[in-house]
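Thanks for making the time, everyone.

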Amino acid sequence: MPDNAAPARRPDLANLPHEEQDLGTTGATGASQPSVTGRLPVSWTTARAYALALTLFALAGGPHLAGAVVAFLQLSGAEVPGAGPRLEEIGRLVGLAGAAAWLLGLILTRPRPQGTGWPLRKVTVLVGSLAVIVADEAGEFTADRTSTQIAGHLTELVVWLWLCVEVTARCGITLQRLDLARPVRLFRKRTKAERAQRALGDLVFFAHAAAICAAVFLMGVLARLPGPVLKGDQATAAGVPDLGPHLAHALWSATVEEVLATAVVVAVLTAARRPLWEVLLVTALMRALPHLYLGLWPTVAVLPLGITAGWLYHRYRRVIPLVLAHATYNVVNILFGMPPLLGVCVIMLAGVGWSWLETRTTPVAKRTRSKLP
């Protein structure tokens with residue numbers, strides 16, 4: 001994963017502990033990215049910020065959006081010739097190739113300290129990731145020469161996450177600061193202030209999980225209204241009916257939706273000084289439109305979920321809990337089916353309340369206040 005420059009500390013983060021490092025930087029060097037400064041460089045206008053966010057979305061979600069629009073038109077009774085799953089798959093690979101080329105350009109043009117050699121290690125990791133994807137698509141991992149739809153999809157996450165980290169780092173933005181605690185410190189007794197800090201992540205996790213459950217419940221209610229609605233199984237409609245590919249696709253979609261369509265968009269547009277309502281509207285549309293294949297009203301039901309996820313990230317700057325909540329829901333739903341959503345939503349909301357109380361046990365500023373001699 002990419003190396004990053006030393007962080008420029010924000011005033012509002014001055015009291016945070018050193019227990020959080022940057023997303024995607026815990027690999028080769030452990031160095032950290034610059035923090036969110038609240039404003040992009042002078043050359044970054046609002047138009048360029050939108051261009052960055054929309055280009056990322058077009059590369060990652062464009063083929064899925066096109067397939068969703070075609071499926072929606074077919075649900076509405078329209079004839080759409082020449083459009084099928086194979087065309088969407090080709091678009092996915094073309095978008096991935098564009099992302100890899102963009103990432104390679106960022107790696108090669110990244111400013112390096114004097115005396116630093118060519119970034120051979122990073123290029124090798126990128127080429128190796130692409131080789132795995134190409135081999136899987138060519139059927140090299142199966143006896144019948146068909147794609148597993150697992151190895152390639154999971155390896156794609158390396159490219160997409162790495163690209164998001166590199167792109168935002170160029171803007172002076174950190175997606176999240178996180179900590180991988182040493183094993184010896186995992187079981188030590190924590191202070192109230194440390195528990196309060198950790199509880200922020202729990203709050204985001206439970207709140208997003210509750211929002212997902214509420215959105216699914218709302219889908220079921222709105223699906224009874226007149227209009228085009230998917231009648232079959234969602235996995236079959238998405239083209240991944242088998243368990244293994246379905247799980248891989250669920251992890252891929254959870255990660256890309258939360259990191260690329262939520263965290264990156266909110267961080268970049270906020271740094272470009274766009275109003276919060278506009279930022280949340282963009283993230284909601286980016287999340288909802290690729291779900292058009294479910295029908296009109298299910299897509300509408302996804303809009304509040306996109307607004308909630310965008311606000312949670314804007315408020316707490318934690319994307320890992322968003323990804324974990326989304327991925328947990330997807331996996332549990334695939335493996336066991338979703339239990340009664342109202343009961344699950346109540347449990348999640350109880351978790352939100354518990355986490356919120358934990359964050360209020362001790363003021364955050366007190367735990368880093370040094371004692372004068």
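His64 touches Glu88, Arg92, His249 and Trp252, leaving aside residues up to four places away in sequence, where contact means heavy atoms within 4.5 Å. His64 is found in helix H1, and at 17% relative accessibility it counts as buried, that is, under 20% relative accessible area, with exposed being over 50% and partly exposed in between, for a 1.4 Å probe and protein chains only.

Before going on, please keep in mind that this is a predicted model, in which local features need pLDDT of at least 70 and side-chain atom pairs count only at pLDDT 80 or more, while totals for chains, interfaces and linings use all residues. Residues are numbered from 1 along each chain as its sequence is written, and side-chain values use heavy atoms, with hydrogens and water left out.

Staying with H1, which covers residues 46–75, this helix packs with H4, residues 151–170, at an angle of about 175 degrees, with their axes 12 Å apart. The two helices are therefore roughly antiparallel to each other, a term used for angles over 145 degrees. From H1, Leu52, Leu56, Leu59 and Ala60 meet Trp160, Leu163 and Val167 of H4, and by class this contact has 7 nonpolar, no polar and no charged residues.

Finally, Ser253 sits in helix H7, residues 243–271, and counts as buried at 14% relative accessibility. A polar atom of the Ser253 side chain lies 3.0 Å from the backbone oxygen of Ala250, and the C-alpha atoms of Ser253 and Gly61, 192 residues apart along the chain, are separated by 9.5 Å.

Terms used: Axes are lines fitted to C-alpha atoms, for helices over the stretch in contact, and angles run from 0 to 180 degrees between N-to-C directions. Helices (H or I, at least four residues) and strands (E, at least two) are DSSP runs, numbered from the N terminus. Angles under 35 degrees count as roughly parallel, over 145 as roughly antiparallel, 65 to 115 as roughly perpendicular and the rest as oblique. Ala, Val, Leu, Ile, Met, Phe, Trp, Tyr, Cys and Pro count as nonpolar, Asp, Glu, Lys and Arg as charged, and the others, Gly among them, as polar. A polar contact is a pair of N or O atoms within 3.5 Å; within protein, one must be able to donate a hydrogen and the other to accept it, and residues adjacent in sequence count only if both atoms are side-chain atoms.
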